[in-house]
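Welcome! Please take a moment to look over the model below, and then let us walk through it together.

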Amino acid sequence: MSTTGGVHALVRRAHEERVLAILREHGTLSRAQIAARAGLSRTTLSEITGELLGRGAIVVTATDARRRAGSGRPAELLALDPRSGQFLGVDLGHTRARVVVADAAHEIIASGVTPYPARTSAAGRTRAALALIDRLSREQGIGLSALQGVGVGVTGPSPAGAARAEVLAAFRDRFAAPVLVDNNTRFAALAEAGTTDARDVLYVRLADGIGGGLVVGGRLVTGAGGVAGEFGHVRASGDADCRCGKRGCLETVAAVGPALAAAGVSTLGELAAGRDSPPVAAVMDRVGEAVGRVMAAATLILDPELIVIGGPLVSAAPGIVDRAAAVIAAERPARGGAGPAVRAARLGDDDGARGAIAAIFRQSPLLADYAIPTEVNP
């Protein structure tokens, strides 16, 4: 894309978003009313609304014939289409797929989850997600023919390789829209960073695997090889074998599976029910300590304003955050100031899918330097 073409596309996108925001705020309006509020010429407004109508983002609801005074052709009234999915976010986790659908106003209009076994292949995870998308569309009456973008989060430290290409191809074949595939935990970090004004944020997610994301200077950082924020594979404690090929990684201590096994329980529900018992509390204390040590080291390097700790393990045992915060504070140099705030994540298990949609929007300053993979569907 040329510089002139790129600027034109950005201006056009800004006009579109302005029109959508006006319709979101005021409901049904005529083109003349929209043009007056947006400060656009009628010619430009006609082009913008024509494009939005063609994509299904807005619809003609009626005309102003009943409230019109005098003669003249009634003007069409336009509104957002509340049942048209414009953006699709998917999180292909280790044991479940999460899906969220957003409309033209960026509001979530449908969401769902479907489980699968931990060893399910990338193809199997993709099939499960696509089946869930079809079910949501059918049961909730959501139209997906006008999708403007699809974001898919996948597990693993790097969004590269045959599995990722397989996921990309499957979604490109199904939907006639640009498709972005990247690490699901990085997407989750993006979503969480959007809930705060802090510009330097470290995020770690304790789930079936452990990953994270870095927001530095208000921008999501991926790193040269796409592995920035892989806190799960930093050496933390013990000598257990990690699936990455190393030993003693944080994931061998603080991922859901090892944590449940160490606590002597089978499910997160059992863990939550018994988290105040001395044996379980002791295990969660060790988990928090391991997380704290890893984040403390990262803090000394990056000096963030905020550290966010999330994931299903934290939801079941919130004390992990308090223990990690204490370790981070203790590791802070005496002259290092107050140090970062540490809190639990505010979003739920759909954070990765929500972050995938946020990446598609490309409106946040967090995405100013966010590198879209070259395989994105044109």
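Helices (H or I, at least four residues) and strands (E, at least two) are DSSP runs, numbered from the N terminus. Counted in this way, the chain has 13 helices and 13 strands. The model is a predicted one, where local features need pLDDT of at least 70 and side-chain atom pairs count only at pLDDT 80 or more, while totals for chains, interfaces and linings use all residues. Residues are numbered from 1 along each chain as its sequence is written, and side-chain values use heavy atoms, leaving out hydrogens and water.

Let us begin with the chain as a whole. A residue is called buried under 20% relative accessible area, exposed over 50%, and partly exposed in between (1.4 Å probe, protein chains only). Of the 378 residues in the chain, 48% are buried. A contact means heavy atoms within 4.5 Å. Among the chain's contacts with a separation of 6 or more, 64% join residues 24 or more positions apart.

Helix H13 (residues 351-361) is mostly covered, with 9 of its 11 residues buried. Among them are Asp351, Ile357 and Phe361.

Which rings form the aromatic pair? Phenylalanine 171 and phenylalanine 175 do. Rings of Phe, Tyr and Trp (its six-membered ring) pair if their centres lie within 6.5 Å, and planes under 30 degrees apart count as stacked, over 60 as edge-to-face and the rest as tilted. A search of the whole structure finds 1 aromatic pair. Its ring centres are 6.3 Å apart and the planes stand at 25 degrees, so the pair is stacked. Both phenylalanine 171 and phenylalanine 175 are buried.

For a contrast, visit arginine 235, in the loop between strand S11 (219-221) and helix H7 (251-254). Arginine 235 counts as exposed because its relative accessibility is 53%. Leaving aside residues up to four places away in sequence, arginine 235 touches Arg247, Gly248, Cys249 and Val294. Arginine 235 and cysteine 249 are 14 residues apart in sequence, yet 4.2 Å apart in space, C-alpha to C-alpha.

Here are the two pairs side by side.

| Pair | Distance | Between |
|---|---|---|
| Phenylalanine 171 and phenylalanine 175 | 6.3 Å | ring centres |
| Arginine 235 and cysteine 249 | 4.2 Å | C-alpha to C-alpha |

Finally, the surface. Accessible areas come from the Shrake-Rupley method with a 1.4 Å probe, and for residues only the protein chains shown count as cover. The accessible surface of the chain comes to about 17200 Å², and carbon and sulfur atoms hold 52% of that.
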